[in-house]
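Notebook open, pencil ready. Here is what I looked up today, one entry at a time.

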Amino acid sequence: MNALSKHSSDATSTGSALAALNDWVASVAMRTRPDAIHWCDGSDSENDALVARMQADGTLLKLNEQTHPDSWLHRSDPDDVARVEHLTYVCTTHHEDAGPNNHWMAPDEAHAEMDALFDGCMQGRTMYVIPYCMGPIDSPLSRCGVEITDSPYVVANMRIMTRMGAAALARIEREGAFVKGLHSIGELDPNRRFIMHFPEELTIKSYGSGYGGNALLGKKCHALRIASHQARQEGWLAEHMLILGVENPQGETHYIAAAFPSACGKTNLAMLIPPAGYREAGWKVWTIGDDICWMRPGADGRLYAINPESGFFGVAPGTSEKSNPNALASIQSNTIYTNVGTTADNQPWWEGIDNGQQPATDWRGEAYDPAKRPAAHPNSRFTVSARRCPSYSPMAEDPQGVPISAIVFGGRRASLVPLVFEARDWTHGVLVGAAMGSETTAAATGAVGVMRRDPMAMKPFCGYNFADYFAHWLSFDTEGAKLPKVFHVNWFRKGNDGKFLWPGFGDNLRVLEWMIRRVEGGAGAVETPIGRLPAEADLNLEGLELSAEARAKLFGYDRAGWQAEFESIGEFLDEYGPRMPAALKAEQVRISGALA
Ligand code: SAT
Ligand code: MN
């Protein structure tokens with residue numbers, strides 16, 4: 001195909017959306033000068049050809065066909081293994097609109113900087129045009145985008161993570177609007193790497209990385225940073241949340257959306273397997289999504305949610321038959337692994353897989369030597385279609401979405417924060433989300449284990465000023481709204497010996513059950529200044545052995561510690577100046593007062 005050839009359903013004969021798309025593709029081709037342009041249709045034959053090409057050039061390595069059919073290993077550049085928050089920008093006309101929570105550059109300057117990088121960068125490469133839909137193809141909550149990339153690995157991942165190809169292109173043609181994402185791996189030089197967002201133009205430009213959220217532009221760039229901006233304008237929410245359904249023995253299902261920072265167990269919670277006692281009684285957990293949630297009020301006043309993604313880009317290390325059997329079953333075939341180690345017979349391997357096998361080769365392709373580095377990179381990932389997951393809910397494809405009964409916020413907190421508490425009302429719930437703190441993980445480059453404020457787990461992903469974002473959240477509390485109850489959890493509380501006090505994983509269902517009973521009005525709680533905590537007797541702890549220290553720390557609250565925490569929350573809110581909603585500040589002052 002010639003570099004300037006148009007898509008076959010020619011611009012002259014169709015609506016203006018395709019004309020705009022063709023013009024944009026032509027202008028990008030003019031700047032980047034690819035050898036060829038390929039419009040992705042999402043077909044199996046297209047994927048087969050791409051995979052063959054990547055296998056031939058070493059981008060994908062075939063894994064053991066007997067144990068892991070149709071599965072591949074990709075080793076990324078060793079300097080390109082995680083999101084780069086310090087190189088991620090939100091470029092709005094007014095600096096204030098991006099807020100202190102984002103790096104900012106003026107749009108003109110950012111375009112000039114990026115366009116210079118993109119100049120001629122696709123010479124010798126094929127340019128892929130990927131029309132995609134975030135969310136079920138026929139859902140009114142879904143939104144479309146087009147990513148242009150020179151990375152076939154990105155194409156293969158986008159095919160799993162989004163509804164990509166002909167159906168998405170048809171929707172774009174019908175609807176007339178789409179988010180433009182331009183991506184090149186460039187030279188994979190960390191010094192020539194930027195992830196730029198232009199929310200006012202619904203545009204993304206990403207250069208110099210081939211990894212995860214930096215490169216699969218449908219994910220964090222579109223579905224969170226750009227979508228959060230769109231959602232604010234259109235009256236909905238784009239959130240960094242998993243969505244799961246809990247079905248009780250009577251066959252009733254409650255849906256829960258839960259926000260945790262990257263690499264804090266969203267995938268494990270979304271795919272939870274109930275403990276034996278619950279299973280026998282007939283409890284079931286259904287997976288809708290593990291990372292992103294779009295929700296908006298329905299006609300009945302409840303919030304309805306969809307998972308805009310169609311696959312999982314999950315953290316491999318720690319995934320085992322014990323921690324997440326559903327994930328393990330999902331990734332037995334048709335999976336792309338990135339930066340895991342391998343066994344001598346070419347099966348994928350990572351720390352914590354606990355399957356009795358040993359690694360032979362590490363994620364960099366060198367002989368495994370524990371003195372040198374772990375076999376799998378701590379942020380190594382699997383990409384797999386959601387449909388392969390045994391707990392995937394048929395409701396995940398429902399165009400109307402699922403009604404949300406509870407919203408959960410949670411961070412990684414070794415101290416202070418109890419296992420669970422309930423917010424008194426929506427305003428308090430928004431403060432609980434806004435005040436979220438968590439220790440950093442390997443999902444982003446930089447120090448690991450440092451406590452930072454990560455409101456609603458959106459610190460790296462909110463495409464506008466947090467003060468305006470909190471105001472947007474507060475605005476859902478209208479006459480007639482039937483909003484979910486809001487909770488906060490902490491699975492990561494540690495004892496004096498440095499070990500986790502709560503078993504986590506399947507046993508987290510005990511906490512979810514309490515939430516559901518609270519929603520239905522059938523469970524007790526103790527009123528405290530920080531919110532409503534369950535007494536030990538309010539939770540089903542049958543079959544668990546918890547030490548006296550665990551019981552005290554998981555179900556108690558430390559007034560002096562929380563006084564200091566609320567002082568620090570107040571300082572955080574003040575960083576946003578007068579733009580911070582007064583209602584949120586008042587809530588913080590009120591609770592500080594109650595703690596004094
Ligand atoms: O790299 S991603 O942004 O896709 C994963 C994550 O950090 O949550
Ligand atoms: Mn995430």
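Which helices each supply at least two residues of the shell around ligand 1? I found α7 (212-215) and α8 (218-234); helices here are DSSP runs of H or I with at least four residues, numbered from the N terminus.

Before going on, I noted that this is a predicted model, where local features need pLDDT of at least 70 and side-chain atom pairs count only at pLDDT 80 or more, while totals for chains, interfaces and linings use all residues. Residues are numbered from 1 along each chain as its sequence is written, chains are lettered from A and ligands numbered from 1 in the order in which they are written, and side-chain values use heavy atoms, with hydrogens and water left out.

Next I listed the residues around ligand 1: Arg83, Gly212, Gly213, Lys219, Lys220, Ser262, Phe313, Arg381 and Ala443. By class, I got two nonpolar, three polar and four charged residues, with Gly counted as polar and Lys and Arg as charged.

Then I checked distances to oxygen atoms of ligand 1. A side-chain N or O atom of arginine 83 is 2.7 Å from one, and a side-chain N or O atom of lysine 220 is 2.6 Å from one. For glycine 213, a backbone N or O atom lies at 2.9 Å. The protein covers 98% of the 250 Å² of accessible area that ligand 1 has on its own (Shrake-Rupley method, 1.4 Å probe).

Last, I looked at helix α12 (residues 426-434): nine of its nine residues are buried, so α12 is largely enclosed by the rest of the structure. Buried means under 20% relative accessible area (1.4 Å probe, protein chains only). Among them I spotted Trp426 and His428.

Key:
A residue is near a molecule or strand if one of its heavy atoms lies within 4 Å of it. A polar contact is a pair of N or O atoms within 3.5 Å; within protein, one must be able to donate a hydrogen and the other to accept it, and residues adjacent in sequence count only if both atoms are side-chain atoms. Buried means under 20% relative accessible area, exposed over 50%, partly exposed in between (1.4 Å probe, protein chains only).
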